[in-house]
Amino acid sequence: MELGLVTASKPSANPSIHSITPSRTSISKSGVEISSVPTEGEDKTSIQSRGNGTTDVTLSRAQKVTGRIQFLALCWALFIAGWNDGTLGPLLPRVQEVYHVGFAIVSLIFVFACIGFVGGALANIYLTSRFGFGKILVVGSVCQVIAYAIQSSAPPFPVFVLAYVINGAGIAVQDAQANGFVATLKHNAEAKMGVLHAAYGLGAFAAPLVSTQFAQMPRWSFHFLVSLGLAISNTIVLIIVFKFKVQDDCLELAGEVLPEKVAGSDEGTFRKVMATRAVHLLAFFILIYVGVEVTIGGWIVTFIIDVRGGGPSSGYISSGFFGGLTVGRVALLWVNKKVGERRVLFVYSIIAIAMEFTIWFVPSLVGNAVAVSIVGVLLGPMYPIAMNQASRILPRWILTGSIGWIAGFGQAGSAVLPFMTGAIASRHGINSLQPLLVAMMALMMFLWILVPASPRRAD
């Protein structure tokens, strides 16, 4: 069998960035080599496809710059998501004080956020194929702008809580789109996934540093004006960088290899995602993981104040946790690679549970603060590891939709578990936080055992 001429099936509107011209191709036992000869004014791009199914792409300088800008824009979107999740912990005691509500009622914040997260996750799968990556990202960011504008005026409690539905939907679709985009990348996708979620951790680390200060001020709700400014900047960046384009067009501009389409895939994506067992196992794993993460960040300040006798500056312990989360997602990349991502997650979980027992039984304010930071370091790599596993075991044509559902549904964990904590604490006290966290971490390990280890990609 001979292959004479290969042409690009999708001509570019901007050939100076990513056009590939027709070229002669030869086949040998070792594989196929495809190289392009650029015309005058074109950047040079070469593609080598080998017999083992891998594809090596040499990117032009313009493509590399475009890819970096796109990635940084998504990191900024995840930074805002982390900022949102890190905000509430130090503000929670003040919200209870201002609105005169107990643990159970204030936990309605998490319930309404959950409604937004799940609704956004479902809508993301349905709307992406109709409106595209760039438009959905901007819609999600605008939802955050609306929510923060409402909350900054300290409205009545029902309105304040309702804003979390809008905010949750906005974060869910941005989180889903960003994870799906990075998981589709062919160049350093695993490392980039870690950095992407380190950006989330950085936002969650920075937020308590600011919200702790606002929690002690008369105009405590003005913290949401800071959040509003960040959300507006996010909207502007997403419009400028992605220009409302669909994902394939954005990937092509960065010189990425586009996934092959399966006949009828656009119509069957939703059904296929919902019918894939591994997708739901990963979604429930992420739900528990995110729940543990946000429960610690949201309730640890209340625990330290009420149980350990901490002062107003206890909000900085939440920053220590999220700071550890950020460090773990970057500093432990080499450990993940050395031990193996699937195995190392069990190691991290066991050590994290041991640290939780320390917080539970050792009545030391400083010791508890250090242990909380260590738990953050250990939990940090777990989310990107789960997303990397999804990219290994799921068919590529449903990968974006699947990761969108996993990320969006999993984000509901940031509402479900904190609400459970508040409901239990209203009856049994905030002391119940630690046994609940230990139980959830054990459940997380069990779910990870059920997640398939072997690739089942059909592309």
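Contact is taken here to mean heavy atoms within 4.5 Å. The structure is a predicted model, in which local features need pLDDT of at least 70 and side-chain atom pairs count only at pLDDT 80 or more, while totals for chains, interfaces and linings use all residues. Residues are numbered from 1 along each chain as its sequence is written, and side-chain values use heavy atoms, with hydrogens and water left out.

With neighbours within four places in sequence set aside, Leu379 is in contact with Tyr289, Val292, Ile296, Phe321, Leu325, Met441 and Met444. Leu379 and Ile296 are the residues with the most contacts inside the largest nonpolar core, which has 120 residues; such a core is a set of buried Ala, Val, Leu, Ile, Met, Phe, Trp, Tyr and Cys residues joined through side-chain atoms within 4.5 Å. The largest share of this core, 19 residues, is supplied by helix H11 (residues 277-307), where helices (H or I, at least four residues) are DSSP runs numbered from the N terminus.

Apart from residues up to four places away in sequence, Thr302 touches Pro93, Phe103, Val307 and Ile430. Ser319, found in helix H12 (residues 315-331), is likewise buried, with a relative accessible area of 2%, and, leaving aside its neighbours within four places in sequence, is in contact with Phe205, Pro208 and Leu209.

The structure holds 0 disulfides, a disulfide being a pair of cysteine sulfur atoms within 2.5 Å. Among the cysteines, Cys114 is buried at a relative accessible area of 16%, and Cys250 is buried at 1% relative accessibility.

Helix H6 (residues 157-184) and helix H17 (residues 399-411) have axes that come within 8 Å and cross at roughly 140°, the axes being lines fitted to C-alpha atoms over the stretch in contact and the angles running from 0 to 180 degrees between N-to-C directions. H6 is therefore oblique to H17, since angles under 35 degrees count as roughly parallel, over 145 as roughly antiparallel, 65 to 115 as roughly perpendicular and the rest as oblique. The contact is made by residues including Ile171, Ala172 and Asp175 of H6 and Leu399, Thr400 and Ile403 of H17.

Key:
Buried means under 20% relative accessible area, exposed over 50%, partly exposed in between (1.4 Å probe, protein chains only). Helices (H or I, at least four residues) and strands (E, at least two) are DSSP runs, numbered from the N terminus.
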